[in-house]
Amino acid sequence: MTNRIPPSLNWLIDKRARLSGDIIKTKKALSKVQDLVDKLKTLESDLAAVDQSLKLHNIQVDVENIKPIRPQLKRLKLPHGYINNLVLTYLRSRNDDKPVPKSEIVNFVFNKQFEFDMELATHFQVSFSVRQSLGRLCLLGHIKRYHRLGTDDEGLWTLADHLKSTAQNQDN
């Protein structure tokens, strides 16, 4: 027969475990922040060095007139695997076996982003993410490609045969 832990002690043990987990999570986040601060200092010192080099040049350039260039593509802040799931959901929802153009899938995913409290992505960003997802799913054998690679034709996609049968079984 085992000894029963009193509820008050069990609560304290649980509370300590949660606090310990929060401390670990916070330390990990703090180390990421410290890495970002270090990276920022390095970038600022590099920028100052470039500004000094520009001042030494024969043709003077006002550095205030140089507009910053931001990274061109931001990652969509969606849960891991969410776009893959949306692509598969859309293809499963199709009752016919006709290949679906990529643009329809992109529009479906683009409209789903409004369900999240996030900065809205551009149509191009969603299209890029869907293209990446389609490539991954095709490599995994979950979907089939109906267009040739290296052409300007719009991509056409369907579920793989083994997923069609499971989707039909779930409908019945």
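Two strands are taken to pair if DSSP finds at least two bridges between them, and strands (E, at least two residues) and helices (H or I, at least four) are DSSP runs numbered from the N terminus. The structure described here is a predicted model, in which local features need pLDDT of at least 70 and side-chain atom pairs count only at pLDDT 80 or more, while totals for chains, interfaces and linings use all residues. Residues are numbered from 1 along each chain as its sequence is written, and side-chain values use heavy atoms, with hydrogens and water left out.

The protein chain holds five helices and three strands. Read from the N terminus, these elements follow the order α-α-β-α-α-β-β-α. Of the 172 residues in the chain, 23% are buried, where buried means under 20% relative accessible area, exposed over 50%, and partly exposed in between (1.4 Å probe, protein chains only). Contact is understood as heavy atoms within 4.5 Å. Among contacts with a separation of 6 or more, 51% come from residues 24 or more positions apart.

Strand 1 (residues 100-101) is joined to strand 3 (residues 156-159) by two bridges, and the two run antiparallel. Here P101 stands opposite L156, and V100 is placed opposite W157. Strand 2 (residues 143-145) pairs with strand 3 over three bridges, again in the antiparallel sense, and I143 faces L159 as its opposite residue in strand 3.

On the side of helix 3, K102, I105, V106, N107, V109 and F110 take part, and they meet H123, V126, S127, V130, R131 and L134 of helix 4. By class, this contact has seven nonpolar, three polar and two charged residues; Ala, Val, Leu, Ile, Met, Phe, Trp, Tyr, Cys and Pro count as nonpolar, Asp, Glu, Lys and Arg as charged, and the others, Gly among them, as polar.

Aromatic rings were examined next. Rings of Phe, Tyr and Trp (its six-membered ring) pair if their centres lie within 6.5 Å, and planes under 30 degrees apart count as stacked, over 60 as edge-to-face and the rest as tilted. By this rule there is one aromatic pair. The ring centres of Y90 and F108 are 4.9 Å apart and the planes stand at 35°, so the pair is tilted. Y90 belongs to helix 2 (residues 82-93) and F108 to helix 3 (residues 102-112), 18 residues apart, and the pair thus links distant parts of the chain. Y90 counts as buried because its relative accessibility is 12%, whereas F108, with a relative accessible area of 22%, is partly exposed.

Helix 2 also contains N84. With a relative accessibility of 19%, N84 counts as buried. Leaving aside residues up to four places away in sequence, N84 touches S133, R136 and L137.
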